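Here's a quick tour for anyone meeting this protein for the first time. Have a look at the sequence and the fold, then read on.

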Amino acid sequence: MEHPSLQGAVIAITGAGRGIGLGMARAFARHGARLVLGDLDEAGVQAAADALRAEGASVLAQRLDVRSAADNAALVAAAVARWGRLDVMVCNAGIMQVKPMLELEAADWDRMLGVNVTGVFLSLQAAARQMLGQTPKAEGRPRGKILTVASVAGRYGAPPLAGVMPHYRASKAAVISLTQSASISFAPQLTVNAICPGIVDTAMWDGIDRDLTALQGRPRGEAWRQRVSGVPMGRAQTAEDVAQLALFLASAASDYMSGQSLNIDGGLVQS
Ligand SMILES: NC(=O)c1ccc[n+]([C@@H]2O[C@H](COP(=O)([O-])OP(=O)(O)OC[C@H]3O[C@@H](n4cnc5c(N)ncnc54)[C@H](O)[C@@H]3O)[C@@H](O)[C@H]2O)c1
């Protein structure tokens, strides 16, 4: 599907050094967007930017810790300094941890929510501060669009992951709620929507498989295979699958949609 409104759009993505963030960056670049990529892994995000530039994209990249309000402001400032505005912010950076409920310590909880919730909040807030003061890209359009990356994990509790990633799941439920509140706060100037992926083939899931199989004393790869075998569409999700929904939510095609959390998970979760 073509998205002509993304041509020349200025799009910032957090956690863009690899995985879903990088997949979205690549898809946006294909549609002619100009990108500002941020990641805690500075070498990783610079390498990602170099690869995208080699494919012809206009890309800035910088180190970003989403837990820092100053870093988020600097990401937005970089977009404005170079291209005069920020059309789309994708709050994607996130972390996982596998640890049984009773073993979780307050520090684990705080770290998880610090990145996955406070980080999304600070990225979203920095973007909104810029977007609310800029003119719409075209008459009748919102002044900007914010996408958050939650997860189907924020929607339900089911074994085995609910018992060993409760803080991750709570963080994703919080992102869904924050997305709803932000959409009300910033309407009608901005749209704010959440993407809820399912089981995506990235380093994050590789880490879940590593830690879960170690915890359960099962062969490496078993947790991944078992989880993927339950996906109705019969395969694991790719970053490109997620990017297809991001393209829609970043484009003019979704201008009347806000406050929504959309599952894109191969039919795994139906709520
Ligand atoms: N992989 C999945 O199956 C899946 C499913 C649903 C939702 N998600 C969500 O999608 C998002 C991306 O996941 P992924 O699978 O690409 O993960 P990933 O681990 O492959 O990539 C995450 C990126 O975020 C960066 N990051 C981590 N902490 C950061 C911080 N404090 N500041 C800035 N950057 C930081 C990492 O350096 C990394 O480049 C996350 O929010 C994740 O929770 C993933």
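This is a predicted model: local features need pLDDT of at least 70, side-chain atom pairs count only at pLDDT 80 or more; totals for chains, interfaces and linings use all residues.

## A helix across the sheet

For a closer look, pick β4 (residues 88-91) and β5 (residues 144-149): they run parallel and are joined by four bridges. Across from Met 89 you'll find Ile 146 in β5.

## Zooming in on Leu 35

Leu 35 belongs to strand β2 (residues 34-39). Is this residue buried or exposed? Leu 35 is buried, because 28 other C-beta atoms lie within 10 Å, and 20 or more is enough to count as buried.

Who are its contacts? Leaving aside residues up to four places away in sequence, Leu 35 touches Ile 11, Ile 13, Ala 25, Phe 28, Ala 29, Leu 52, Ala 57, Ser 58 and Val 59. As for Val 120, it is 85 residues from Leu 35 in sequence, and the two are 18 Å apart in space, C-alpha to C-alpha.

## Around the ligand

How many residues surround the ligand? There are 30, and the closest are Gly 15, Gly 19, Gly 94, Thr 202 and Met 204. Three helices, α1 (19-30), α4 (106-131) and α7 (203-216), each give at least two residues to this shell. Sorted by class, the shell has 14 nonpolar, 11 polar and five charged residues.

## The whole protein

Stepping back, the protein has nine helices and seven strands. Its C-alpha trace spans about 55 × 40 × 35 Å along the principal axes. The radius of gyration is 18 Å, which agrees with a compact globule, because 271 residues packed that way would have a value near 18 Å.

Of those 271 residues, 45% count as buried. Looking at contacts between residues at least 6 apart in sequence, 73% join residues at least 24 apart.

Technical notes:
Residues are numbered from 1 along each chain as its sequence is written. A residue is near a molecule or strand if its C-beta atom, placed from the backbone, lies within 6 Å of it. Ala, Val, Leu, Ile, Met, Phe, Trp, Tyr, Cys and Pro count as nonpolar, Asp, Glu, Lys and Arg as charged, and the others, Gly among them, as polar. The radius of gyration is taken over C-alpha atoms; the globule rule is 2.2 Å times the number of residues to the power 0.38. A residue is buried if 20 or more other C-beta atoms lie within 10 Å of its own, exposed if 12 or fewer, and partly exposed in between; C-beta atoms are placed from the backbone. Two residues are in contact if their C-beta atoms, placed from the backbone, lie within 7 Å. Two strands pair if DSSP finds at least two bridges between them.
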